[in-house]
Amino acid sequence: MLALEKAPEHLRGGNTYFTGGAIRFAFNGFDDIRALIPDLTEQEASVMEVGRYPETEFYDDLMRVTESLSDPEMADMLVRRSFDTMKWLQSQGMRFVPLWGRQAFKVDDKFHFWGGLILESVGAGKGLSDQLFDIATQNGVQIAYGTAATNLLMDDSGKAVGVRVKGPDGYADIAAKSVVLACGGFESNPEMRTRYLGPGWELAKVRGVRFNTGDGLTMAMAIGAQPYGHWSGSHAVAWDLNAPAFGNRNIADLYQKHSYPFGLIVNVNGNRFVDEGADFRNYTYAKYGREILFQPQRAAFQLFDQKTKHLLRDEYHIPQVTMAEANTIEELAQAMDINVEGLVSTVEQFNAACQPGEYNPTVLDGVHTEGIDPPKSNWALPLDSPPYLAYAVTCGLTFTFGGLRINRRAQVMDNVDEPIPGLYAAGEIVGGIFYHNYPGGSGLMSGSVFGRVAGTSAAEDV
Ligand SMILES: Cc1cc2nc3c(=O)[nH]c(=O)nc-3n(C[C@H](O)[C@H](O)[C@H](O)COP(=O)(O)OP(=O)(O)OC[C@H]3O[C@@H](n4cnc5c(N)ncnc54)[C@H](O)[C@@H]3O)c2cc1C
């Protein structure tokens with residue numbers, strides 16, 4: 001088996017390398033978690049409160065955030081095969097650890113995990129990518145680095161029989177009994193972004209690799225593959241205002257700023273524009289990047305005070321962060337170039353709108369505002385305990401939702417709903433699962449479930 005990697009070896013691994021390695025799966029209790037981390041100590045086990053995340057809940061979460069548009073058959077496969085796929089990954093040598101830092105809050109000596117997301121791969125995205133390359137090569141997979149597929153080779157019967165590639169020595173044709181496309185979306189192609197996501201998206205920063213330029217989509221549609229899913233939709237988050245145009249392998253996902261449910265978000269005019277506490281961050285972060293992109297100067301500011309500072313995730317503490325601290329709201333606005341009167345007025349109105357309640361970051365606590373638009377539906381505490389903190393963010397595009405249609409065997413479908421012989425797809429390049437939004441940790445699970453199916457089908461068919 002040969003795997004083509006467009007990137008040179010030192011930049012290998014795609015967006016997978018940039019992830020936090022957080023992976024979503026259904027489970028029925030702590031025993032399921034334990035089965036995936038055999039080296040968990042008794043002491044660690046004794047402080048974990050993970051609850052349950054049944055398949056029905058994963059399915060409902062997926063449907064809720066995608067406005068019930070997710071293809072029911074694909075959603076069902078993703079959810080029902082999630083735990084089994086975790087066990088399979090573990091049996092292949094993948095190692096996981098609990099998401100102590102990002103998905104758990106300590107309450108009374110116990111870590112309460114929230115939002116259906118419990119585990120990450122050892123070493124986060126880098127660890128995930130390195131482990132996968134190691135396991136693949138141990139199993140005899142050859143890897144051609146710096147080698148991009150440019151065209152699919154089709155025989156007269158309409159079967160995929162290989163790919164044309166551009167590698168270090170130029171163009172070549174490689175024959176294959178089957179071809180699996182797993183080469184990402186079009187997030188790194190500004191022309192396709194503008195064409196499909198819409199005007200303005202060419203200006204978004206990209207969180208991951210520069211190599212996912214929609215090549216697989218283009219070559220598959222050229223031979224009649226069926227486009228499917230939310231082609232004008234994408235996963236996009238709050239990302240440091242001064243982050244580079246593409247991801248940085250050392251910083252990886254730490255330019256993201258995901259603790260906004262516990263603060264306020266304003267634009268350069270000092271106005272709020274989303275309900276920061278609409279839901280757990282897992283269910284809002286992937287759609288709020290888009291909201292930021294269409295604010296003036298594509299900028300937003302997340303504000304916190306001393307009451308919420310301790311809730312900020314690790315990504316707020318890196319040196320490469322665009323932030324300011326001030327003793328008054330006026331000074332904070334000046335430091336960040338936010339309209340001073342606008343911000344002062346917003347904070348005054350927000351503070352006056354906060355209703356009393358029992359604040360609890362581990363649940364949807366219902367502590368909300370009244371009488372302002374947009375409301376804040378949970379975790380609404382007045383911003384009144386200086387020094388105040390502001391973090392400047394813009395839109396960071398993660399991946400695009402539009403893709404190819406596949407069937408239950410991960411075969412790529414043509415425009416009349418027939419499978420294209422010899423052609424399979426998995427990962428970001430598959431359409432029909434995510435629309436508008438996304439439950440955090442589902443991308444890696446989708447790639448894993450459908451990647452396993454694609455590989456199995458490709459092997460069966462040869
Ligand atoms: C910063 C960041 C953080 C994220 N965090 C998480 C997380 O914690 N949990 C989660 O579930 N998801 C997360 N995601 C989403 C996740 O990265 C994707 O859902 C998943 O990794 C996609 O896998 P993939 O194999 O489809 O694409 P990729 O991992 O991007 O792999 C695509 C590969 O194809 C190669 N390629 C492209 N074109 C060609 C070509 N023509 N020929 C040959 N090779 C080609 C690329 O070089 C790349 O190696 C995150 C993404 C980013 C960017």
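Hi everyone. Let me start with a definition: a residue counts as buried under 20% relative accessible area, as exposed over 50%, and as partly exposed in between, using a 1.4 Å probe and protein chains only. What we have here is a predicted model, where local features need pLDDT of at least 70, side-chain atom pairs count only at pLDDT 80 or more, and totals for chains, interfaces and linings use all residues. Residues are numbered from 1 along each chain as its sequence is written, and side-chain values use heavy atoms, with hydrogens and water left out.

With that in hand, take His368. By that scale His368 is partly exposed, at a relative accessible area of 27%. You will find His368 in the loop between α13 (340-353) and β19 (388-400); helices (H or I, at least four residues) and strands (E, at least two) are DSSP runs, numbered from the N terminus. The His368 side chain reaches the backbone oxygen of Gly366 at 2.8 Å. That is a polar contact, meaning a pair of N or O atoms within 3.5 Å; within protein, one must be able to donate a hydrogen and the other to accept it, and residues adjacent in sequence count only if both atoms are side-chain atoms. Setting aside neighbours within four places in sequence, His368 is in contact (heavy atoms within 4.5 Å) with Ala353, Cys354, Gln355, Lys376, Ser377 and Ala380. Trp379 sits 11 residues from His368 along the chain, and their C-alpha atoms are separated by 6.5 Å.

Now for a contrast: is Gln302 buried or exposed? Gln302 is buried, with a relative accessible area of 1%. This residue lies in strand β17 (residues 300-304). A polar atom of the Gln302 side chain is 3.0 Å from the backbone oxygen of Lys257. Beyond its neighbours within four places in sequence, Gln302 has contacts that include Ala238, Tyr260, Leu264, Tyr316 and Val393.

On to the ligand. Which residues come nearest to the ligand? Of the 33 residues around the ligand, those are Glu5, Asn15, Thr16, Ala22 and Leu444, where near means that a heavy atom of the residue lies within 4 Å. A polar backbone atom of Asn15 is 2.7 Å from an oxygen atom of the ligand. Asp215 places a polar side-chain atom 2.9 Å from a ligand nitrogen, and a backbone N or O atom of Gly441 lies 3.2 Å from a ligand oxygen. Taken alone, the ligand exposes 1,000 Å², and the protein buries 92% of that. Two or more residues of the shell come from each of β1, α1, β9 (148-154) and α14, and α1 gives the largest share, 4 residues.

Finally, two helices. Helix α8 (residues 124-138) has 15 residues and reaches 21 Å from its first C-alpha to its last, close to the expected 21 Å, a span taken as 1.5 Å times one less than the number of residues. Among the buried residues of α8 are Leu128, Phe133 and Ile135, and their cover includes β1 (2-5), α1 (14-18), β7 (119-121), β8 (142-145) and α14 (442-461). After α8 comes Gly140, with a positive phi near 90 degrees.

In helix α4 (residues 55-65), the buried residues are Phe58, Asp61, Leu62, Met63 and Val65. What covers them includes α5 (72-80), α6 (82-91) and α14. Just after α4, Glu67 takes a positive phi of about 55 degrees.

Technical notes:
Areas by Shrake-Rupley, 256 points an atom, 1.4 Å probe, with all protein chains shown as cover.
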